[in-house]
Amino acid sequence: MPTIGVKRDLLFEALGKTYTDDEFQELCFAFGLELDEVTTEKQMLTKEQGDVAAAANASEEIIYRIDIPANRYDLLCLEGLVTGLLVFQGKLKPPKFQFVEPAKRQVLKIDPSTAQIRPYAVAAVLRNVTFTPASYNSFIDLQDKLHQNICRKRTLVAIGTHDLDTIQGPFSYEALAPDQIRFKPLNQTKEMTGSELMDFYSTHAQLKQYLPIIRESPVYPVIYDANRVVLSLPPIINGDHSKISLKTKNVFIECTATDRTKAKVVLDTIVCLFSEHCAQKFTVEPCDVVQPDGNAISYPELAVREERISVKRANSYIGIDEPAEKLADMLTRMYLAAKVDGDSLVVKIPPTRHDVIHACDIYEDVAIAYGYNNIKKSLPAFMQIAKQFPLNKLTEQLREQVAQAGFTEALTFTLCSRDDIGRKLNKNIEALPAVHIGNPKTLEFQVVRTTLLPGLLKTLVANRKMPLPLKLFEISDVVVADDSTEVGARNERRLCAVNCNKTAGFEVVHGLLDRVMQLLSVPWKTASGTKGYYLQATEDPSYFPGRCANVMYDGVVIGKIGVLHPTVLQAFELTTPCSAVEFTIEPFV
């Protein structure tokens, strides 16, 4: 949940009313927000950096830090927050955003080379903007908030804003080799190539986190104007030549992206929120973006769509009983203009409300406008007696009994490395039905475990100094890739136990298996045709040759038991013999 900081006096001036802290907190709560903290710039510097000397000259103007829902991009700046609150209070009607057609549209042409790195781009122009120091800072801060939120730290979308009067269209979006790009970065006096820029900003406090997005690519994205002046090197930095200032009147906005939908959302958000600073309020000048195939698409879209919801269903879901006219008024206060059409409501979704993607989102706004505290508490119309999920109940019962058998329970990570379930267990990771993490952050968490054994062996390694024998167990889920399931994978509840001693102690884990089966009332299969469990000799690279068996139940393999192979122990840095048993408990539910 992002937090924005707004100056209290500016906020109250824009709202046209002065509130006490408690009154404003109540207003925020009614609107679905939370006033997180009342502070000052001086207090923030002292608290966050601990530097009293640096904070000495800081402002003591009161700042409200407000928690904003992560999906409400339209509230991430003072302008959007004020508009939302005024509409909510009925003091302002939801604004209508309009296009202003220029004599000649600005054009941004996407070169086919950009497909190698960031293939999408959108653009727009805000004409005759009047910036104040407060609105200028808000404009910059909104871009930063969007970069951290919907843009996913610039990996999905990177925003560039430029003083249109300092550059000349048409513009081109290209991808070139780093050494072919040369320009003066924002607030710098020296020209640099793309490679030099990467080295220069490698220690920069803010920008160094964005360098890996393109650093290893053979080409870098770059935007030029008609005179080959560099506007920006997305997603790293803009050029100094076109930087905006308080004197800027016409703003050219470009967003490059790996996700076109996110780029359109970001562009709509910026132009809608700051078009109120244009001489002709809430107007935007469209731009033509020429695609690599030659087709031109007009941006921003500023699409307004209609959704139809049932009045009866809205009342039922929320637990209220309000007439259609009242519900329509509530939605209008939430920036969703609505009108009654029979027993339904026709709701207009403006371009600022990209968070509304389903009727459920509209019902939620009705509940917020009505006030959660105003919804009467009531008992359900019918009564049900809950009971524990059978698999979890069996798991809890077995945990207690296995612990009473002398084993200590471990709780290990569900994610592990590829080596843990592959090479270290003498198995080929490619042949395992493992679910791989698409973009793992560390080498320790690359796949979802397909067996509980590696976790217990790593627990043994961490407790090597404990006296022998070490007897550990875990009853938990593994995940197995399965194309027959809806999501392509399924969970499987297993019991795994390991005995570590001076001798392998196969009889210890065999005894535990027998005890568990006894508790489950599963007999040992003594003759063909009888239902029960038994062991069937097998070979497994994780176990010592001739010392491994399948655990069979009703003719189906449910697990394995045996003495672990010395190379497995060596891979996990264990020096004492171990035996293990692992089987699924789901057939016994």
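Biologist: How far apart do the C-alpha centres of domain 2 and domain 4 lie?

Modeller: This is a predicted model, in which local features need pLDDT of at least 70 and side-chain atom pairs count only at pLDDT 80 or more, while totals for chains, interfaces and linings use all residues. Residues are numbered from 1 along each chain as its sequence is written, and side-chain values use heavy atoms, with hydrogens and water left out. Domain 2 covers 98-299 and domain 4 covers 390-588, with bounds from an automatic or database domain assignment. Their C-alpha centres are separated by 54 Å.

Biologist: What is the strand order of the open sheet of 3 strands?

Modeller: Strands are DSSP runs of E with at least two residues, helices are runs of H or I with at least four, and both are numbered from the N terminus; two strands pair if DSSP finds at least two bridges between them. β17 (305-310) and β18 (338-341) are the edge strands, each pairing on one side only. The pairing is antiparallel, and the order is β17-β19-β18.

Biologist: Is α10 roughly parallel or roughly perpendicular to α11?

Modeller: Axes are lines fitted to C-alpha atoms, for helices over the stretch in contact (heavy atoms within 4.5 Å), and angles run from 0 to 180 degrees between N-to-C directions. Helix α10 (residues 324-333) and helix α11 (residues 359-370) pack at about 95°, their axes 9 Å apart. Angles under 35 degrees count as roughly parallel, over 145 as roughly antiparallel, 65 to 115 as roughly perpendicular and the rest as oblique, so α10 is to α11 roughly perpendicular.
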